[in-house]
Structure formats: C-alpha cells, structure tokens
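Subject: Structure handover

Hello,

Here is the structure for you to look through. My notes follow below it.

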Amino acid sequence: MMISTWRKRRAARLAGKQRLESETGDIEVTVPNHFRCPVSLDLMKDPVTMSSGITYDRESVEKWIEAGNVTCPITNKVLRSLDPIPNHTIRKMIQDWCVANSSYGIERIPTPRIPVSSEEVLEIHSKIKTACRKGDQAGCQNLVAKIKALAKESERNRRCLVATGTAGVLSSAFEEFSKASFNDNVAVLEEILSGLAVLLPHDKATTYLGSDASMDCVVWFLKSEDLSTRRNAVLVLKELVPLDNRKVDTLLEIEGTMEALFKLIKAPICPSATKASLLIIYHMVMSSSPTNAKIIDKFVDLGLVSLLLEMLVDAERSICEKALGVLDGICDRDQGREKAYNHALTIPVLVRKIHRVSDLAMKFSVSILFKLCMNEKRGNGGVLVEAIQRNAFEKLLVLLQVGCDERTREKATQLLKLLNVYRGRVDCIDSVDFKNLKRPF
C-alpha cells in the first residue's frame, strides 16, 4: 500500500514539479534527477545508500523502515541490512550544485551529522559506570552532557539512547552519587537529572530512582529556586508515582514535597510541569495511605481548591482533566467540600465542563457535583439551587441521552432526582456567564 502511495506521489511530482523556482520567481532551476530522493522526490539533504544499492534521503527511508518494511522501496527486494550508509559522494555533489546555483537563491545543504550508533552509546554507558565506581564527578558530568547533546541533536538519536537503556544507566549513576555524598555531588546529580528528563519516559529506570536516597535528592531539586531544575525534577517524579503506590508514601514522608508541588501549580513554569504536578497530586489525594485525610486537608489549607477552580476557567483539555481529577479526590473530605461550597466559581465551572472538554472531564465533573449535592446541608438548597440556575438539570438529561459509563449514569440519575425538588423554584441563567462572579485573586 505504501509503495503504491509513494509511486503515485512520484508520478504526480514528476509531472508537475520538475523545477525549483528561484527567489525572484523569474528563473526556474532544474534539479538533477539523481539528486532527488526516489521516495519523496525532493532534493536530498542527507543521502544514504541501502544494501540494495539505491540512495535515498535518510528521513524518507527511515520512515519507510520504521513503518515495518524490510524491502527496498524501489526494487522491492529484501534488504540484507536495515542500516543506511551515508553516501558522502552524492552529498558533496549536491552541495557543489547548490553552491553553483546560489545566484538563483538555492541554499547549500548543511553537512549532516552522522546519527549515533548503539555501539557508541554502549561505550558511553561503560564510561559512565567506570566514572561512578571511581567517584569521578567531572568525568560523569561530561559524559551525561554528551548524552543530552546527542538526544537533542535528533529524534533518531534519542530513540537509540532510549532503546539501549540509557535511562537505566543514568538512574543507577544518580543513585550512586546520591548515596555517596549529596552535598558534594550536587552538580553531577543535577546534570544526570537533566539527562533523565530529556529521555522521558523511562519505566525501566524506576528501580534506582525509587530508592530513598534518590527520592530525597529529586525532592531537594524540586524545592530548588532554579526553574529548569524544578521542571526536570517534577517530570522525573511523574514517571515514578503512577507505577508504584509505595512511591507516593515515600514522597509524602519527605518534608516539603506537597508545598513544592503546590508552588509549581501556583506559579507555573510550563504546561508539562503543571500537568506533571497535577498528576502527582492526584495520586497523592487518591492514595489508600492511612494519612490520606491529612494529605487532603494539607492541600486544602494550602489553598489548592481555589487555585484549581481559577485554573479550570480557561485551562486546556489535559490540564482541565487532571485538575478536575484532583478536585474530585479533595471533595471526598468535608474540609475540601466546604472550600468548594464557599467559592463562587465551583458550580458554574463544573456545570460548564460536563459537555465542553472530554469524557474524562465529564466523568469527574459529574462526580464532584454528586459529592457536593449529596452532602449539601443548607436549608435553602445551596449548591442544588445554583446548579439548577446554571442549567445542570438540562445538561444531565442530555448526558443520559447521549450515553456514559454505568457509574456516571447512576450519579447523574441521583443528581436529577435531587435537583428536581428545586427545579420549579428558580430561573436558569447561562452557565458561561462569569461576569457577576467575584474571583479571589
């Protein structure tokens, strides 16, 4: 199928795009056919030759191989080797042709960097292990910096580093230096943490990163004043927490963890750090730890409920889902619900999110509304009346008609019964009208 698609594309381009226009548009320069990639039909920027003897642009042929193909796109013969070999001769010829036609606005293609091989990566691994055994901080730091540079150079390099288990080697090194002497090894530990963040995700690295010494160090960096270091720390922690509930308990025992996570939400660094913080907090408030009640109460005291509601007004989907998940966990506690009852944005935001974000956001929104309405004790109806004013009744009816999971359906049905009692007593207003709400900034 892919061969057919590319052949059609090739025929179309040969028919209608045989020439490159100059910047002025007055003169057309013909690109020699042997400088074009047989797959993309574009001028080759990094020509490589396969075992079939045909030369392609590296990006095109690697996409072909990554799609699961083991044959040559042109000859359809099985490739003896899937490793592309740089064709320096063709590349130099293309560069010379570009220079010769520079007056027509054609830029010289840069000399491509050769991708890192698995053998080279394994050699770096060996040197890192040796540096760890010797306690060579500077040597290890330089090697990690080299790994970071390779990973940032190209996505192919990053995949090669991940496939060869680089994250595991870095995690092991992180543990070794954190056990030795944290104060003396801050620089190398920070560099390793940065390297781990570049190679995310890395499930196999959790054995070393999950040790007490490693977790203490990561949280220490999480409390750092350096924004980049805090970002790296929270991204690494995000990989650990969902895989093992014991990691949550370990985190909670480390002083300052909750405050540091809250700070990342209150003063955002970047969307990825915000999402990571919310995910970790979600696992904390939903944990089965004996101290779960104290965890939720602590976050409530920090002001997390108000912060989440403010965030939900205009958050993008992924952040919205995670924030609603955290709020759902917090509303299991009386103290959390009390804060939600007293915030002007609670009901308008929750009702609005029922249909406007995603199925997951809808599920959390209905769950939070259910908890608030079922526990409403005020004689005037409180959130029940406000929910009706915000069109919650109609939206829940639509939800039942459209369909949802069984648990959410049960909650929606119960909510409709509760709301129906007050339905004839109040008028509805638009749930997206926030003009008259006082937002605590």
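**The pockets**

By class, the residues lining the largest pocket are nine nonpolar, two polar and 16 charged. In this scheme Ala, Val, Leu, Ile, Met, Phe, Trp, Tyr, Cys and Pro count as nonpolar, Asp, Glu, Lys and Arg as charged, and the others, Gly among them, as polar. Before going further, note that this is a predicted model: local features need pLDDT of at least 70, side-chain atom pairs count only at pLDDT 80 or more, and totals for chains, interfaces and linings use all residues. Residues are numbered from 1 along each chain as its sequence is written, and side-chain values use heavy atoms, with hydrogens and water left out.

The largest pocket has a volume of about 640 Å³. It is lined by 27 residues, and those closest to its centre are K45, D46, D57, R58 and E59. A pocket here is found on a 1 Å grid over the protein atoms alone: it is an open set of points where a 1.4 Å probe fits, with protein on both sides within 12 Å along at least five of seven lines, and lining residues have an atom within 4 Å of a point. Grid points are joined across faces, edges and corners, and the volume is the space filled by probe spheres set on the points. Rolling a probe the size of a water molecule over the atoms shows where empty space is left.

Which helices each supply at least two residues of this lining? They are α2 (58-66) and α6 (155-163). The largest share, five residues, comes from α2. Helices (H or I, at least four residues) and strands (E, at least two) are DSSP runs, numbered from the N terminus.

The second largest pocket holds about 410 Å³ of space. Of its 15 lining residues, E62, L82, D83, P84 and R156 are the closest to the centre. Here too α2 and α6 each supply at least two lining residues, and α2 gives the largest share, with four. The classes in this lining are eight nonpolar, one polar and six charged residues.

Three strands form an open sheet in the order β4-β3-β5, with antiparallel pairing. Why is one side of β4 and of β5 left without a neighbour in the sheet? β4 (55-57) and β5 (85-86) stand at the edges and each has a single partner strand, so one side of each has no neighbour there. Strands of a sheet pair through backbone hydrogen bonds, either parallel or antiparallel. Two strands are counted as paired if DSSP finds at least two bridges between them.

β3 (residues 47-49) pairs with β5 in the antiparallel sense over two bridges. V48 has P86 in β5 as its bridge partner. Helix α2 lies across β3, β4 and β5, and runs at about 95 degrees to β4. For such angles, axes are lines fitted to C-alpha atoms, for helices over the stretch in contact (heavy atoms within 4.5 Å), and angles run from 0 to 180 degrees between N-to-C directions.

The loop between α2 and β5 contains S81. S81 touches M50 and S51, not counting residues up to four places away in sequence. S81 is partly exposed, at a relative accessible area of 29%; buried means under 20%, exposed over 50% and partly exposed in between (1.4 Å probe, protein chains only).

**Some single residues**

L41 lies in the loop between β2 (28-30) and β3. L41 has a positive phi of about 65 degrees although it is not a glycine, and at 6% relative accessibility it counts as buried. N391, in the loop between α21 (383-389) and α22 (392-402), has a positive phi of about 70 degrees and is not a glycine either. N391 is partly exposed, at 22%.

Is K371 buried or exposed? K371, in helix α20 (residues 359-374), is buried, with a relative accessible area of 16%. K371 touches D328, C331, D332, R337 and Y341, leaving out residues up to four places away in sequence.

**The whole chain**

The protein chain has 23 helices and five strands. Of its 441 residues, 49% count as buried.

Regards
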